[in-house]
Amino acid sequence: FLIQIYIERCGFTGYPAQPQYFFHRERKTLAEIHQDDVQLVGPPDHLDEVKEIVSKNVKMKWSKILDYGDRFSFLKQHKLITEEGIYLYPDEKYSRRIGELVGLEKHQSKSKFRARAREGQRKPSIHWLNIYVHGT
């Protein structure tokens, strides 16, 4: 896939067990590539560099760099970035369907997961950038 080639040229290394993930160890930036949807997580200055390199070669639609308080969706999963962590809200219909399949038709769906810093660590400094292939 074309995006993968440019991500690798930016210094990212693939993760064999999960081929959709690429990591830039020195810059502490993660890329997730899912067909024509790409998500980058890392320091804002590095996100800008990657954006500039990829945009020279592939026509892309970019989101703004996201920060604390921002909400967004990626692959039907809704996310909220806070100083305490990142809340993940799976699409409600999937949660309901899982409940039905295990016999909990009337369950209350409270799908939420929060990733946060470990005790003693400073609050996470995470910035997100979503990109979408736009007519390649």
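Predicted model: local features only at pLDDT ≥ 70, side-chain atom pairs only at ≥ 80, totals over all residues.
Student: In which sense do strand β7 and strand β8 pair?

Tutor: In general, helices (H or I, at least four residues) and strands (E, at least two) are DSSP runs numbered from the N terminus, and two strands pair if DSSP finds at least two bridges between them. Here β7, residues 77-81, and β8, residues 86-90, pair in the antiparallel sense over five bridges. The two strands form a hairpin with four residues between them, and H78 has Y89 in β8 as its bridge partner.

Student: How many salt bridges does the structure hold?

Tutor: A salt bridge is a side-chain nitrogen of Lys or Arg within 4 Å of a carboxyl oxygen of Asp or Glu, and the structure holds four of them. One of these joins D45 to R27, whose closest N and O atoms are 3.1 Å apart. That pair links distant parts of the chain, since D45 sits in helix α2 (residues 44-55) and R27 in the loop between β2 (21-24) and β3 (29-34), 18 residues apart.

Student: Which residues are linked with R27 in a network of salt bridges?

Tutor: The network links R27, D45 and E49. Between R27 and E49 the closest N and O atoms are 3.2 Å apart; R27 lies in the loop between β2 and β3 and E49 in helix α2, so this pair ties together parts that are 22 residues apart in sequence.

Student: Is D70, which forms a salt bridge with K64, buried or exposed?

Tutor: Buried means under 20% relative accessible area, exposed over 50%, and partly exposed in between, using a 1.4 Å probe and protein chains only. D70 is therefore buried, at 17%, whereas K64 is exposed, at 53%, and the closest N and O atoms of K64 and D70 are 3.2 Å apart.

Conventions
Residues numbered from 1 in each chain as written. Heavy atoms only, no water.
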